[in-house]
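Please examine the sequence and the structure shown below. The report that follows describes how parts of the structure meet one another.

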Amino acid sequence: MPKLIIDGLEVEVPEGTNVLEAAKKLGIVIPHFCYHSAMGAVGACRLCAMKFVEGPVKGVQVSCMIKAQDGMVVETADPDAMRARRMVIEWLMTNHPHDCPVCDEGGMCLLQDYTIAGGHGIRRYKGKKRTYISQYLGEFIEQEMNRCIQCYRCHRFYRDYAGGDDFGTKRIANRTFFGRFKDGWLESEFAGNLADVCPTGVFTDKTYHFRARAWELETAPSVCPHCSLGCNLIPGAKLRELLVIKARENLKVNGWFICDRGRFGYRFASRPDRPRKFTLNGQEKSRDEATKAAVGIISDAVAKYGPGSVALAGSPRTSLENNFALKKLASLLNTGNICFSIDPLRDRKERRAISLLDAADSRSLQDVAFSDFIIVVGTDPVNEAPMLALMMRQASLKGARTAVIDPRPVKLPFDFTHIPARPEEFAEKLTGLLNEAAGDSKNPLIICGTNIPGIDAIDACSEAAGRLNCGLFYTLSSANSFGAAVLAGEGPDFEDILSGIESGGIRVLIALESDPLGRYSGEERASRALKKLDSLIVMDYLPTETVNAANALFPTAAYAEMDGIFINNEGRAQCFSRAYIPGIPVNYMGPKLKPPELHPPREFSPEVPGRSFPAWEYLGDIAREMGLDCCEMETLSAIRASLSHDPRFAAIAGLYPESEGALITAGPVDRLQAYGPFPAGEKPDAGEGLKPVDRLLLYATDLTFGTEEISVYSDKTQLRAPEPYVMINREDAKELGLNDGDWVKVASGSLGISCALKTSASCAKGAAFAPRLTGFDAAALSGKTIRITRERV
Amino acid sequence: MNSCAPWLIIIIKAFLILFVTLTLAAYMVLAERKLLARMQDRYGPNRVGPFGLLQPLADVIKLITKEDILPTQADKFIYLIAPGVVAGTVLLTFAVVPFGAPVKIDGVTVQMPVIDLNVGALYFLAMSSLGVYGVALAGWSSGSKYSLFGGIRGSAQMISYELSMGLALVPAVMLAGSFSLNDIVAAQSRVPFVVYSPLAFAIFLISVAAESRRIPFDLAEAENELVAGYHTEYSGMRFGLFYIGEYVNIIVLSALAVTFYLGGWHGPGPLWLSFFWFFLKAAVIAFFFIWMRATLPRLRYDQLMHLGWKFLVPLSLANVLLTGFLALMFHWRNV
Amino acid sequence: MSGLLTGLFEAFATTLREMFRKPVTIQYPEEKKPLSARARWRIVLTRDPEGEERCVACYLCSAVCPVSCISMQSADRGDGRRYPEWFRINFGRCILCGMCEEACPTLAIQLTPDYEFCKYKALDMVYEKEDLLIDGTGKDREYNFYKHAGIGVVNPKGKNPDEYGPVDIRSNMP
Ligand code: SF4
Ligand code: SF4
Ligand code: SF4
Ligand code: SF4
Ligand code: FES
């Protein structure tokens, strides 16, 4: 550990640390553009100059390129160093356009800051400036190349860190250009990070284009709601409109970056059709009236049919507190009909998975980057948990080998072995792989999905991890799947509730941020069943089908609009805080609603129009109005206190925003029905007398864009959702006489959907895959044997 | 006329005084604003009526039509009566002021004070002590920290200065040999007491200025520290009562200064001119108060207390001794 | 002590003396002060010589305004031009300090010598863009920000006077 002296202060840093980092450790921050903790130093910008007074190197040097060594004495504020920095910044500015007023980076621009810090105020260079024609890079990222200072961060992030290959450096010297070969969408699922890494306004968030300045944004530390990894982010809102998401650093989870689903999926929050009114059978009501009505509905049902006639459906996408309040209400009402997911199969598998995780084998997302042998079982990282792919790439850059056992043609931004296998074969393939390779690796890791693998595969992964002492990492469905599954414990699942409704035992359903009508796999059954209900009480912030069918509707606050906790796939509980008060955005109230008007309304009132509240408040209201003992759901701190009395949740007591999170262990869950990969009672029929290709098994799959429950309500991420398709093995297709691109009918029994056919050589035989896109009911066929026939070429 | 019962005369006098004092107070406000303005090279109010003479009317209308705000934190009952206490005690003091020579109406000699108390001087002290309650209660009941500070400051200040004020009266009482204001005025028919005891007069003036809580002694209000001190939360006519109280107070105190030390209504010329003399003398004192306001900056709180306790009180005690001694030596009056 | 007394005396003498001076007050509606040429009062938004809105909704004026009385919403006009969708100044709050004018990089916001714009209703003091935008260039007749910015709105990229033509990214010739 070398020791050196910077500005008279001694500091000891690990071997290999550069002097810039060493100074940072002392709290001395020297302007720098090209160095980034995640991407290392390249010495491109020359701005981080310091004066080396004693030791192995002497003179003014760029500090990011010099490793700390014993005996170094460094001055950061030496006049020579300052002069060097001032000249560098002046020289970086010679070609810089006169753009700040119309640049989206302005106000959070490192170049602005460091120009001022470098003491360069007045332009001396009177010559002409270099210009570029910028490229169209899709609807996520805006490019304005004139502003580039050639720090190479974009290239290093896109190609080196994220493994994209459709973007890079062109030309040399003063004419260096960063972009694609030709105009078009950036293909990487992590391209949005260019907006964060670029220290200038070359790459900016196009969805935020010309919308606000950084100093106007209301922000708060938050956690991504779009997948189970729980990446940390900072939502920024203005005038009650969510406008931008930035990545937040958490060195236990996402590091510095987030994926594009997390960055651009935010636009659900300010949709014009977002529910903003309390309604009762379509009539607008006040919050009090809605509460009274809901209480009336519940009390009537309890009085007439007993407490068991009320069922409650929580959700893996809402906060732990909301779900807990729901559970509390259920126990106060004395009904056992409560579940926390409307996908019974996934629910069971997730409850099983989290019960198998323990402190010894569970791994954080960052730990993935330090594994040296990764086996992926039945999950498609880029599509199911995008940041996982980025972390696996970091491991791979360090030399890790990766094998993916999955029936789909999985794509990852690095080299790996793909073993196409059907879910039944997972356990066997896993054992095979482990036997041959686990011996010589120090940090092996098994990553297992919960969508395609059956319970047997989930168990096998855990068993193998325990036996071979390797890490275990399950990917779950939603941001709070872990929390929801812990709360669900050994309780019923949605299947049980649905049968209760069908048999007439359940008369009232309270759906908390869950959408059985739109998202239950087998929508027809759900809508038939829900019609039998006396009343449907819905609390949600998305304009879902269930919201439209609600008898009593409570508009709730989304994640950026409230305080709460999500527990990610690893069991890491993380707080998120309220960034802004939810209500109808000011910009939606004037010109957008009443077109002849040219400005937002001029009336003002202390009330926030269309204000919505976190769901736990409504649940507390209902309990209070019913005269139940609601003191444990009265305030957020009461809910958290009461939660932390449960030993499994004890860790959340010390949780605070911007911490690294606290680990929760679920503990064993006993009562698990032995589900195979398919829902009970829907075993694939043996298909006597049919050829294998005439009874392909269909799996509904997830995609980065277009299938996740919340981001499908974001217009921008929907732009990257593909057209509906079904994918099968190329040979199977040949056997069926079908070609890639044919328009086919996919049928099972009376159900059928039409879509394009995709074929792939690396797809497992005997299986078919269709994404769960909105308006494309692939989920209804999930787990069924299907026949594919051509409709037209 | 025998039907003119004494109580009727008292009531008539009381109403006359009430009416005249309130009108005077209103014009006192105008006078002060105009004089202050002139001393600051401005015009002062000059828009309502000729020379702004209707300004007081406009002010009253404004005050009456303004919303009477009751802070949620206030102690309702006390909050509501406090302004009344301030204005009431000040007005009551007028009962004992002889503002002119006795008049004979229909054979009955009508004394000019509403009632001629034989302990008039004590009555004045008592009333001014009661006035403290108005300030203290208003400050306390408003439920605001500024008001509370103002109330505390006001009561501390008034209690402190009451002492020197009382002591400054002693020479006058000694010289007249009576507590009755009528007697005190009568005793000055030839020489006003200010000649015998100028120091007592000076102390009395200073203490009275402090008693009226006006610049340079306005620590209870002190706009730039306490917003408006004890009446921060008041609005409308309740605030108006404090306001009127302050100006009636100036009138009363000027009148009393005249009564105790400047020979009361005595003056050259026929007896009916006595009202004029009284008014003139009082006006001079009132002008002095206004002049003082235009001239002096506010004292600091410690300076205020030092001035009261370490300077005025010992000085007035010494002065009592001195006056007593001199009076004995030179057989002034009936001492 | 004597210092105190002379001090007091001087003070009282001064106020008394001033009382007999002629007041310096200017009786406003009847008498008016001559304004200096650069008097800064009611604010306007100006247009560039080509007649387009100058304001690019950069928010610098609203950021610098010490009483936060400027608000706006920026947007893209569709041709790459950044402009304020709406722009609002609450003159009830404005202290006419001129900081906004100083901060404005496009010379859009300017203070004019019109100071007689009192209103009886507070809401009437809130001016919208429709009320603020004038048809002229105001104090500077020449300036057009987009002729200096690199985003190619008025002139195509690389065609502004202080720019070289765009780099050809497909060639490595110097
Ligand atoms: S990149 Fe920074 S310095 Fe350059 S125009 Fe944008 S805000 Fe200004
Ligand atoms: S585009 Fe941005 S990140 Fe890339 S080199 Fe230029 S300034 Fe650096
Ligand atoms: S003149 Fe001053 S107070 Fe008025 S809008 Fe401009 S910056 Fe704000
Ligand atoms: S500073 Fe100028 S250009 Fe920027 S928003 Fe204000 S008026 Fe518009
Ligand atoms: S940060 Fe050191 S050269 Fe850029």
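## Domains, chains and a ligand

The C-alpha centres of domain 2 of chain A and domain 3 of chain A lie 34 Å apart. This is a predicted model, in which local features need pLDDT of at least 70 and side-chain atom pairs count only at pLDDT 80 or more, while totals for chains, interfaces and linings use all residues. Residues are numbered from 1 along each chain as its sequence is written, chains are lettered from A and ligands numbered from 1 in the order in which they are written, and side-chain values use heavy atoms, with hydrogens and water left out.

Domain bounds come from an automatic or database domain assignment. For chain A, domain 2 comprises 278–343 + 483–663 and domain 3 comprises 348–476.

Two interfaces are set out in the table.

Of the area that domain 2 of chain A buries against domain 3 of chain A, 59% is supplied by A:Ala485, A:Asn569 and A:Glu570, more than by any other three residues. For chain A against chain C, A:Arg171, A:Phe210 and A:Arg602 supply 21%, again more than any other three residues.

Salt bridges (a side-chain nitrogen of Lys or Arg within 4 Å of a carboxyl oxygen of Asp or Glu) occur at both interfaces. Between domain 2 and domain 3 of chain A there are 2 salt bridges; A:Asp496 and A:Arg348 form a salt bridge at 3.9 Å, N to O. Chain A and chain C have 3 salt bridges, and C:Glu128 pairs with A:Arg602 in a salt bridge at 2.8 Å, N to O.

Residues are also classed: Ala, Val, Leu, Ile, Met, Phe, Trp, Tyr, Cys and Pro count as nonpolar, Asp, Glu, Lys and Arg as charged, and the others, Gly among them, as polar.

Which residues surround ligand 4? Residues with a heavy atom within 4 Å count as near, and among them are C:Cys55, C:Cys58, C:Cys61 and C:Cys104. The shell around ligand 4 has 10 nonpolar residues, 1 polar residue and no charged residues.

Definitions and conventions
Buried area = accessible area lost by both parts, 1.4 Å probe.
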